[in-house]
Amino acid sequence: MMAYRDIQVDPPRNGVQLIRLNRPEAHNALRTALLGELAEALAAAATVDEQVRVVLLSGSEKVFAAGADIKEMAALDAVGLWKDRRPQHWKAIRGFPKPLIAAVNGYCLGGGLELAMHADCIIAGEDARFGQPEINLGIIPGAGGTQRLVRAVGKSLAMKLILSGEFIGAREALAAGLVAEVTQPELTLKRATALAETMAEKSPIALRLAKEAILASFETPLSQGLELERKAFLFLAASADRREGIEAFLEKRPPKFTGQ
Ligand code: CAA
């Protein structure tokens with residue numbers, strides 16, 4: 001296992017790898033080095049076939065992440081920002097092909113919310129606070145917030161959050177569709193782990209194609225999305241996992257998916 005400074009990567013268990021953001025001194029602010037480590041850890045998790053089927057991303061019990069590192073950002077001028085490797089790291093995070101679940105407790109702000117929105121679904125503790133407070137700094141979200149938040153919660157709430165810098169709580173985030181589930185704060189990681197383990201039992205090929213098809217729905221007209229789904233569906237007919245899934249159902253036993 002690689003040694004990281006800003007994140008902690010646990011060995012996989014039951015097909016699930018837990019990655020924790022680990023900068024308690026800065027409320028897990030996402031400095032460029034942290035994003036680089038995350039991109040690297042996800043690239044490694046993407047290539048390990050059997051052991052890692054799902055990745056779970058969490059912060060601490062008090063904070064998921066309080067955004068980009070404002071102190072680091074303050075030292076960069078326009079050219080410095082332009083040369084910074086952050087966009088490449090975000091791209092690598094976005095390209096992670098396996099299910100990625102975010103378990104969120106406490107503050108999930110700015111780049112922290114943008115990171116959570118890079119995950120495929122968010123499980124939130126009742127104490128979670130979501131917001132895009134960049135406007136308070138005289139800037140705007142810079143890692144997809146203006147695009148992803150609108151798609152997640154619709155125009156009106158996205159405008160309210162991004163233009164005012166106000167936060168919303170977990171219940172409101174649930175009602176708006178930003179998060180998939182709300183738990184008691186002390187159970188967030190446990191519930192997210194259970195969900196990740198449920199996903200990890202499924203066919204890795206089907207998981208990957210389902211994720212790809214859902215993400216494509218944000219980028220394509222319906223007719224193209226349906227075509228992509230159809231092709232992915234047909235492709236799966238060639239997999240041993242599909243045979244296994246159907247046979248197991250007919251034989252009234254749990255399936256054992258191998259990713260073949
Ligand atoms: N960057 C750097 N350091 C941060 C930070 C951030 N985003 N957020 C918190 N910290 C640091 C604080 O400076 C403080 O460090 P010191 O003890 O050395 O002063 C430490 O973490 C604890 O923070 P607070 O004392 O402020 O803790 P609090 O509990 O009183 O408040 C908070 C918590 C409301 C989250 C507050 O820290 C806060 O408002 N943080 C900034 C949130 C923000 O504006 N995020 C957007 C960043 S810009 C961005 O993300 C751009 C983008 O889209 C890519």
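Visitor: Where is K155 found?
Guide: K155 is found in helix α7. Keep in mind that this is a predicted model.

Visitor: Is K155 buried or exposed?
Guide: K155 counts as exposed, because its relative accessibility is 61% and the cut-off for exposed is over 50%.

Visitor: And how many Å separate the C-alpha atoms of K155 and L250?
Guide: They are separated by 46 Å. Along the chain, K155 and L250 are 95 residues apart.

Visitor: New topic: aromatic rings. How many aromatic pairs does the count come to?
Guide: The count comes to 1 aromatic pair. The partners are Y107 and F167. Their ring centres are 6.2 Å apart. Their planes stand at 70 degrees, so the pair is edge-to-face.

Visitor: Why those two values?
Guide: A pair of aromatic rings is described by the distance of the centres and the angle of the planes.

Visitor: Where do Y107 and F167 lie?
Guide: Y107 lies in strand β6, residues 107-109. F167 lies in the loop between α7 and β9. The pair therefore ties together parts that are 60 residues apart in sequence.

Visitor: Helices next. At what angle do α1 and α4 cross?
Guide: Roughly 30 degrees. Helix α1 covers residues 32-47, and helix α4 covers residues 86-94. Their axes come within 9 Å.

Visitor: Are α1 and α4 roughly parallel or antiparallel?
Guide: Roughly parallel. That label holds because angles under 35 degrees count as roughly parallel. The crossing of α1 past α4 is left-handed.

Visitor: Which residues in α1 and α4 meet?
Guide: On the α1 side, T32, L35, G36, L38, A39 and L42. On the α4 side, R86, H89, W90, A92 and I93. The residues of this contact divide into 7 nonpolar, 3 polar and 1 charged.

Visitor: Tell me about H89. Buried or exposed?
Guide: H89 is buried, with a relative accessible area of 12%. The place of H89 is in helix α4. Leaving out residues up to four places away in sequence, H89 touches T32, L35, G36 and A39.

Visitor: Now α10 and α11. At what angle do they pack?
Guide: About 175 degrees, with the axes 10 Å apart. That makes α10 roughly antiparallel to α11. Helix α10 covers residues 204-216, and helix α11 covers residues 222-236.

Visitor: Which residues meet there, in α10 and α11?
Guide: In α10, I205, A206, L209, A213 and A216. In α11, L228, A232, F235 and L236. That contact divides into 9 nonpolar, no polar and no charged residues.

Visitor: One more topic: backbone angles. What is the phi of H27?
Guide: H27 has a positive phi of about 50 degrees, although H27 is not a glycine. H27 is found in the loop between β2 and α1.

Visitor: And the phi of N28?
Guide: N28 has a positive phi of about 55 degrees, and N28 is not a glycine. N28 is found in the loop between β2 and α1.

Visitor: Is N28 buried or exposed?
Guide: N28 is buried, with a relative accessible area of 2%. H27, by contrast, is partly exposed, with a relative accessible area of 42%.

Key: Residues numbered from 1 in each chain as written. Predicted model: local features only at pLDDT ≥ 70, side-chain atom pairs only at ≥ 80, totals over all residues. Heavy atoms only, no water. Axes fitted to C-alpha atoms, helices over the stretch in contact; angles between N-to-C directions. Helix = DSSP H or I, 4+ residues; strand = E, 2+ residues; numbered from the N terminus. Parallel < 35°, antiparallel > 145°, perpendicular 65-115°, else oblique. Left-handed = near helix turned anticlockwise from the far one by under 90°. Contact = heavy atoms within 4.5 Å. Nonpolar A, V, L, I, M, F, W, Y, C, P; charged D, E, K, R; others polar. Phe/Tyr/Trp six-rings, centres within 6.5 Å; stacked < 30°, edge-to-face > 60°. Buried < 20%, exposed > 50% of the residue type's maximum accessible area, 1.4 Å probe, protein only.
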